[in-house]
Amino acid sequence: MAFARSIRPGLLLCLLVTLAAIGLTSIERDLIGHVWLEPLVLAILLGAAVRTAWTPDARFKAGVDFSAKTLLEIAVVLLGASVSAATLSALGLPFVFGIFALVALAISVGFGVGRALGLNPRMALLVACGNAICGNSAIAAVAPVINADGEEVAASIAFTAVLGVIVVLALPLLGGLIHMSELQYGALAGLTVYAVPQVLAAAAPFGAAATQTGTVVKLVRVLMLGPVILALSLIAGRKAPDAKGLGLHRLLPWFIIGFLAMIGLRSFDLIPQAALAPMSAASGLLTVVAMAALGLQTDIRAVARAGGRVIAAVVLSLGALVLLSLGLIRLLGL
């Protein structure tokens, strides 16, 4: 009871910011027919705006910290239920292995670009993983593993989200310019666009085959999130000063184990179909609440100071991903 009382003020504040973000998303949809800024992004921006105008006092801290960490970890576990290893069978093994290699190479290149531009290792890794895997969800999942702070997460998501919208608009133009087939373009969309809904929006102009291909490729790409956060957790454990005495629960945080377990359960059809949509919705909602908390922890002036370098890192990393994707498509003769 004492714990519940301690987190109540901060949790309620995060929920208010979340409701405001969802409300603004509804207004977007009603006014222009599309959602350009997702609730996750709006929650960060609104939280940061609140923090800029008013600094919450100490009684809000416990609830905001709980939302930013624990609720985010629960969201990551639930996210695993949306991924099934069965998606691998829809593509040939060479292409599946090609996607895995592409993601690993894109993370390496993106990290190198970020470090060359002067970003700290955590920020560079957030940008690299966001570009290479699934944008905001990857950044949110990787952040607790590498102990990234709210300002780093907010900056990475804010700039990645804006670029994600631009990619959805520009990618069909690129596909038409270089005369890609439906299969080729669908693969390109799945390999480069951040979120599944954005893949659908980007692939739709090229037809149903492009949309279906893009969705499957995107889901295979999302499968890389588990191995990536597992590898980062192991690396972080080895680098810790007391790593020699770390147990499995420290090297593999509970939410990573939970994420991988959910993938396994989904792959063996042990999660009822009726539960999948509610679990996906819960994961999305908890992630938005966590992003609201991160926004409330964010000094917007620090984000602005990192702005130019982060934008450059995101743009260059995405450019490298597009080139690598085109190379993979050509190499495999799609």
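Helices (H or I, at least four residues) and strands (E, at least two) are DSSP runs, numbered from the N terminus. This is a predicted model, in which local features need pLDDT of at least 70 and side-chain atom pairs count only at pLDDT 80 or more, while totals for chains, interfaces and linings use all residues. Residues are numbered from 1 along each chain as its sequence is written, and side-chain values use heavy atoms, with hydrogens and water left out.

**View 1. The protein as a whole contains 15 helices and zero strands.** Of its 334 residues, 49% count as buried, where buried means under 20% relative accessible area, exposed means over 50%, and partly exposed lies in between (1.4 Å probe, protein chains only). Among contacts (heavy atoms within 4.5 Å) between residues at least 6 apart in sequence, 78% join residues at least 24 apart.

**View 2. A nonpolar patch on the surface is formed by L24, I27, L31, I32, W36 and L169.** Together these residues have about 590 Å² of accessible area, a quantity that comes from the Shrake-Rupley method with a 1.4 Å probe, and for residues only the protein chains shown count as cover. Helix 1 (residues 2–32) gives the largest share of the patch, four residues. I27 is found in helix 1, and I27 is partly exposed, with a relative accessible area of 45%.

**View 3. Helix 8 (residues 182–192) is largely enclosed by the rest of the structure, because eight of its eleven residues are buried.** The buried residues of helix 8 are Y185, G186, A187, L188, A189, G190, L191 and T192.

**View 4. Helix 2 (residues 39–53) has end C-alpha atoms 21 Å apart.** This agrees with the 21 Å that its 15 residues should span at 1.5 Å a residue, since the expected span is 1.5 Å times one less than the number of residues. The buried residues of helix 2 are L40, V41, L42, A43, I44, G47 and A48.

View 5. Most residues other than glycine have a negative phi.

Notes
Patch = residues over 30% accessible without salt bridge, like charges linked within 9 Å, V, L, I, M, F, W, Y side chains within 5 Å. Salt bridge = Lys/Arg side-chain N within 4 Å of Asp/Glu carboxyl O.
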